[in-house]
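Trainee: I would like to learn how to read a protein model step by step, going from the whole chain down to single residues. Could you take me through one?

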Amino acid sequence: MLKKAWAVALTAPAAALIALSGLATTASAASAPTTLTVVPNVLATWQDNFNPFAGTNSVSGTLGNIYETLFYFDNTTGKQFDLLGKSFTFSNDNKTLTVNLQTKAKWTDGKPFTAQDVVFTFNELKKYPDADTNGIWQQLSSVKAEGNYKVIFQFKQPNIPFAEQYVLGGTYIVPQHEWANLGDPAKAKITHDKAIGTGPFKLMSFSTQDVKYEANPSYYNGAPKVQILSYPAYATNQAADLALASGQIQYAGINIPDIQKTFVAANPKHNHYYFPPNNPVELYPNLNNPLLAQLPVREAISAAINRTQLSVKGETGYESVASPNGLVLPPQKTWLDPKLPATDKTFTQSDAKAVKLLTAAGFKKDKNGIFAKNGKELSFNLLVVAGWSDWDEDALLIKQDLQKIGINVNVQQEQYSAYYNQIDPGAGQKPTYDLAISWTNVGPTPYTLYYDMLDSNGSFNIEGYKNATVDAALSDFSKTTNVTQQKNDIYKIEKIAAEQLPVIPLLNGALWYEYNDAQFTGWSTQSNLWIDPSPYNYQSAAIVMDHLKPIG
């Protein structure tokens, strides 16, 4: 699974490292090509790496601009975008997936794109498992071409969400005629002169200080109206912030404090931002801890936390309070059970309730003023990443809230690698943390969120939760394309998540997105949120830039 790469990319601290910078041409240069300058990473220099299997180590724009997936399934809107695939169907009890491909797509060296390229790409992942970071071949049994524009995938067992999110939407296709002799795709050296893709843009020039893409005139959906994308290297966030405030940046993904004053006020007519909720930020209890395994303890912790203060102080008002059921609202509101009790949809902070819950469960305050039972105090370490300033502040606020009611908390700040090793030490090893603030993986439907976090075999079930009803509901969801049935499965999990609190939702993590609409139209906006607008989600960013049109 790609949980590490994507989850890190979507947390506020990592997102704060992402900035995009502005137009290289002026409005007066009407005859000049339309140029959008893009800076998705704050880096001093670019490395000449355009390998799509290198993930976040490849040059920004490698994914989406050059290389494409068959489809894109948007986490923010739930919409499907057809790319190299035109349509797909499931059959054979949903174990067979048939994909019809674009017939007009070409590689940027002029050679036609065919089903053989798709089969080759997937078979390379089978041949070289280190490149199969999503575990495709744990699910697939075969991939075959039927003619030049049809591919048939056979699965070992039906898994609709996995097929859509990772096979159709998470595997970037490469040209067989170029890659056949390169060996392990994860180790292939793809420099700028070898970056041959099917996407809306192609490589124009490369230097360690600037990478330029130009509109692909042979793109099957038509050449983009934005003619040139320029990706200069930025060494510091401060430089990017200044460029944004001065009007140079048109498309950015920066977590900027007091953005209304520092960005919008500089040009109220054209400087805009929207930080849509994207993925829940959770307080994970280690359920191997016998105290945290007790529901009243988790309920008391949840009741004592002032989430509004986390939102306002910790996240400077940019991230909203989460829901007890864990759904990201409003984006996932169509999946919310209309019969769910109000208490399962909204948190109410109450110190009195927290104290009552602990007292009823047999806990009493000891001489230290800490609730204890059988000689064991409710005293926990709260793990957070050092330097992730918003989460660090959230952790301190939670410490204060819990100490008010008699639960002792020691905030434990660790560097990211040490933090991650404690929450997810690897297969067969138990996490060593007590409490931890962390993310939750998301997908086009709530299935990804709930499966990764709550299924017994979930890829981010770091709390160690096991529930046969949840596992059965998720298994049932994965085997069908019937939306009504899928919703009924999700409804079961919502109630369990809200009332058993296997994890404790805190906030809805935001996507960072600023844009200037003075010279381009077609943006994904708060009033017309047609796709994930974040510039650091590379496939959606490529679709956004492909849809932009110059004004005038």
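This is a predicted model: local features need pLDDT of at least 70, side-chain atom pairs count only at pLDDT 80 or more; totals for chains, interfaces and linings use all residues.

Trainee: What is the secondary structure of the protein, and what box do its C-alpha atoms fill?

Mentor: The secondary structure comes to 16 helices and 24 strands, and the C-alpha atoms fill a box of roughly 75 × 60 × 40 Å when it is taken along the principal axes.

Trainee: How does the radius of gyration agree with that of a compact globule?

Mentor: A compact globule with 552 residues would have a radius of gyration near 24 Å, and the protein has 24 Å, so the value agrees with that expectation. Buried residues make up 57% of the 552 residues. If you look at the contacts with a separation of 6 or more, residues 24 or more positions apart account for 69% of them.

Trainee: How are two packed helices described?

Mentor: The general idea is that two packed helices are described by the angle between their axes and by the distance between those axes. Take helix α14 (residues 468–478) and α15 as the case here: they pack at an angle of about 160 degrees, with their axes 9 Å apart. Since angles over 145 degrees count as roughly antiparallel, α14 is therefore roughly antiparallel to α15. The crossing of α14 and α15 is left-handed.

Trainee: Which residues make the contact between α14 and α15, and how do they divide by class?

Mentor: On the α14 side the contact is made by Thr-469, Val-470, Ala-473, Leu-474, Asp-476 and Phe-477, and on the α15 side by Gln-485, Gln-486, Asp-489, Ile-490, Lys-492, Ile-493 and Ile-496. These residues of the contact of α14 with α15 divide into seven nonpolar, three polar and three charged.

Trainee: At what angle does α13 pack with α15?

Mentor: Helix α13 (residues 446–454) and helix α15 (residues 483–500) pack at an angle of about 50 degrees, and their axes are 11 Å apart. That angle makes α13 oblique to α15, and α13 passes α15 in a left-handed crossing. The contact is made by Pro-446, Tyr-447, Tyr-450 and Leu-454 of α13, together with Ile-490, Ile-493, Glu-494 and Ala-497 of α15. By class, the residues of this contact of α13 with α15 divide into seven nonpolar, no polar and one charged.

Trainee: And how do α13 and α14 pack?

Mentor: The angle between α13 and α14 is about 140 degrees, with their axes 11 Å apart, and these two helices are therefore oblique to each other. Their crossing is left-handed. Here Tyr-447, Tyr-450, Tyr-451 and Leu-454 in α13 meet Val-470, Asp-471, Leu-474, Phe-477 and Ser-478 in α14, and by class the contact of α13 with α14 has seven nonpolar, one polar and one charged residues.

Trainee: Are Asp-93 and Phe-88 buried or exposed?

Mentor: Asp-93 has a relative accessible area of 67%, so it is exposed. Phe-88, which lies in strand β4, has 17% relative accessibility and therefore counts as buried, since buried means under 20%. Not counting residues up to four places away in sequence, Phe-88 touches Phe-71, Phe-73, Gln-80, Leu-97, Thr-98, Val-99, Glu-164 and Leu-168.

Trainee: What does Lys-144 contact, and where is it placed?

Mentor: Lys-144 is in strand β6 (residues 140–145) and is exposed, with a relative accessible area of 57%. Leaving aside its neighbours within four places in sequence, Lys-144 is in contact with Val-119, Lys-150, Val-151 and Ile-152.

Conventions: Residues are numbered from 1 along each chain as its sequence is written. Side-chain values use heavy atoms; hydrogens and water are left out. Axes are lines fitted to C-alpha atoms, for helices over the stretch in contact, and angles run from 0 to 180 degrees between N-to-C directions. Helices (H or I, at least four residues) and strands (E, at least two) are DSSP runs, numbered from the N terminus. Angles under 35 degrees count as roughly parallel, over 145 as roughly antiparallel, 65 to 115 as roughly perpendicular and the rest as oblique. A crossing is left-handed if the near helix is turned anticlockwise from the far one by less than a right angle, and right-handed if clockwise. Contact means heavy atoms within 4.5 Å. Ala, Val, Leu, Ile, Met, Phe, Trp, Tyr, Cys and Pro count as nonpolar, Asp, Glu, Lys and Arg as charged, and the others, Gly among them, as polar. The radius of gyration is taken over C-alpha atoms; the globule rule is 2.2 Å times the number of residues to the power 0.38. Buried means under 20% relative accessible area, exposed over 50%, partly exposed in between (1.4 Å probe, protein chains only).
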